Amino acid sequence: MENNQEVLLKVENLCQYFGFTKAVDDVSFDVKKGEVFGLVGESGCGKTTTGRSIIKLYDITSGNIYFKGTRIGAGTRSYQVAIRDAKEKMKTASPEECAELKAFIADQKKQIKRAKYDQKNCDKEYARKQTEAVKEKYLPLIDAANGADKAAIKAEYKNELRKAKKERLVTKIQMIFQDPSASLDPRMTVKEIISEGLVIKGERDKKVLEEKVYEMLELVGLVREHAGRYQHEFSGGQRQRIGIARSVIMQPEMIIADEPVSALDVSIQAQVINLLNDLRRELGLTILFIAHDLSVVKYFSDRIGVMYFGKMVELASSDELFKNPLHPYTRSLLSAIPLPDPEYEKNRQRIVYNPLAEHDYSVDKPTMREVSPGHFVMCNDAEYQKYLEILK
Ligand SMILES: Nc1ncnc2c1ncn2[C@@H]1O[C@H](COP(=O)(O)OP(=O)(O)O)[C@@H](O)[C@H]1O
Ligand SMILES: [Mg+2]
């Protein structure tokens, strides 16, 4: 990865609860522009929920999601809990303390209002900015043109303006799903599937749509003759290519690939990963790559976050994570990767992670701590000291 440190996506204390299920619980990470960030963990640990929360398929419970510096997702539960706690404290507090707590509560209420506003209005704000940009570009051109030119530019301006009004910031993040056949409508032709997003965005020009579809098909390694066919006529790998084309046509800046190769034959997996890697380079995409084991993300990711039961337990650069895995869960994931080395395989011992045996969190509670620059581990004081010792 180039030395580009611009943060494209920032996930801050994300919580997504479904009733009593804490599918994602206080997860923070950021994804830098141009990088591949791997999100890894066993089935049910909250990876998909994290992805779906980022693209606003849920109203998140708590925390913030920023994309390109704009808050696109904001939950309110943490503020509500803070208010409840403060009210509880007020029952026994001195008058001075009460005044302070009151001010605190007022501030939390303000935060709730702001969170609700951003959650609801970030797309509107974005559309407004896009509309302004179109006006700024076209109005002087229209002024300067005359005759037939003027009419043509005016028509183009109207078309662009209509599309700009429908712009949503969150379409700059596209998600690719695990099972391509389940996410592609069997009654739609490939052309209809791939162009659907653009149609929703307000593109009406049939010629433009068709050309775009052809361009996308070729970009993902299919051919234009495929446009009129249906998804059942394709292999799993080809279907995933269609899924990728459908995302890329939206000109996303970021792709969330949710186990995009898990349902595919091993022989096909590398092809699809290579395609994603090519697209990343050609289109300057940023990728959040979700997988349930580390072998898939090893060579592809710049940084990796490991999730366990709704929590992020370790986060480091790919090299660092494989060189110095510290959290026992990460070590267990690593021990599950077979390597094409008979000697290693003979001695490879699978480590099973048993949280109750590994940690004593009864008094000394764990938090995410930085053990070396850019390497974070969920640990308590005692474990932190132990990890620093190991890294020495
Ligand atoms: N819409 C939902 N309603 C209720 N529970 C859900 C929902 N989506 C996911 N869950 C639960 O949240 C947890 C995390 O699920 P998920 O994010 O799909 O994990 P992963 O993608 O890592 O396999 C699981 O316990 C799952 O059953
Ligand atoms: Mg999943």
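Helices (H or I, at least four residues) and strands (E, at least two) are DSSP runs, numbered from the N terminus. This is a predicted model, in which local features need pLDDT of at least 70 and side-chain atom pairs count only at pLDDT 80 or more, while totals for chains, interfaces and linings use all residues. Residues are numbered from 1 along each chain as its sequence is written, chains are lettered from A and ligands numbered from 1 in the order in which they are written, and side-chain values use heavy atoms, with hydrogens and water left out.

**View 1. The chain as a whole.**
Let us start with the overall picture: the chain holds 15 helices and 12 strands. Its C-alpha atoms fill a box of roughly 80 × 70 × 40 Å along the principal axes. Of the 392 residues, 47% count as buried, where buried means under 20% relative accessible area, exposed over 50%, and partly exposed in between (1.4 Å probe, protein chains only). The accessible surface comes to about 20,800 Å², and carbon and sulfur atoms own 52% of that; such areas come from the Shrake-Rupley method with a 1.4 Å probe, and for residues only the protein chains shown count as cover. Among contacts (heavy atoms within 4.5 Å) with a separation of 6 or more, residues 24 or more positions apart account for 63%.

**View 2. The shell around ligand 1.**
Here you can pick out the residues surrounding ligand 1: Phe18, Thr21, Ala23, Glu42, Ser43, Gly44, Cys45, Gly46, Lys47, Thr48, Thr49 and Tyr58. A residue belongs to this shell if one of its heavy atoms lies within 4 Å of the ligand. Strand 2 (21–32) and helix 1 (47–54) each supply at least two residues of the shell, and helix 1 gives the largest share, 3 residues.

For anyone checking distances, a backbone N or O atom of Gly44 sits 2.6 Å from an oxygen atom of ligand 1. A backbone N or O atom of Cys45 is 3.2 Å from a ligand oxygen. Thr48 takes part through its side chain, with an N or O atom 2.7 Å from an oxygen of ligand 1. On its own ligand 1 exposes 560 Å², and the protein buries 59% of that.

**View 3. Helix 1 from end to end.**
Helix 1 is mostly covered, with 6 of its 8 residues buried. Those residues are Lys47, Thr49, Thr50, Gly51, Ser53 and Ile54. After the helix comes Lys56, whose phi is positive, near 65°.

The largest nonpolar core has 53 residues, and Ile194, Ile242, Ile244, Leu276, Phe289 and Leu294 have the most contacts inside it. A second, separate core of 30 residues includes Val11, Val24, Tyr126 and Met254. Such a core is a set of buried Ala, Val, Leu, Ile, Met, Phe, Trp, Tyr and Cys residues joined through side-chain atoms within 4.5 Å. In soluble globular proteins, nonpolar side chains tend to be buried together.

Leaving aside neighbours within four places in sequence, the contacts of Phe289 include Val36, Phe37, Ala257, Ile273, Leu276 and Phe300. Met254 lies in strand 7 (residues 254–258) and is buried at 0% relative accessibility. Gln240 belongs to helix 8 (residues 236–248) and is buried, with a relative accessible area of 1%. Beyond neighbours within four places in sequence, Gln240 is in contact with Ile176, Phe177, Gln178, Pro180, Pro260, Leu264 and Val272.

Rings of Phe, Tyr and Trp (its six-membered ring) pair if their centres lie within 6.5 Å, with planes under 30 degrees apart counted as stacked, over 60 as edge-to-face and the rest as tilted. The count comes to 8 aromatic pairs. The Tyr308 and Phe309 rings have centres 5.3 Å apart and planes at 65°, so this pair is edge-to-face. Tyr308 is buried at 15% relative accessibility, whereas Phe309 is exposed at 60%. Tyr329 and Tyr353 form a tilted pair, 5.5 Å centre to centre with 50° between the planes. Tyr329 lies in helix 12 (residues 328–335) and Tyr353 in the loop between helix 13 (342–347) and helix 14 (355–358), so the pair ties together parts 24 residues apart in sequence. Both Tyr329 and Tyr353 are buried, and together with Tyr308 and Phe309 they form one aromatic cluster.

How values were computed. Polar contact = N/O pair within 3.5 Å; in protein donor to acceptor, adjacent residues only side chain to side chain.
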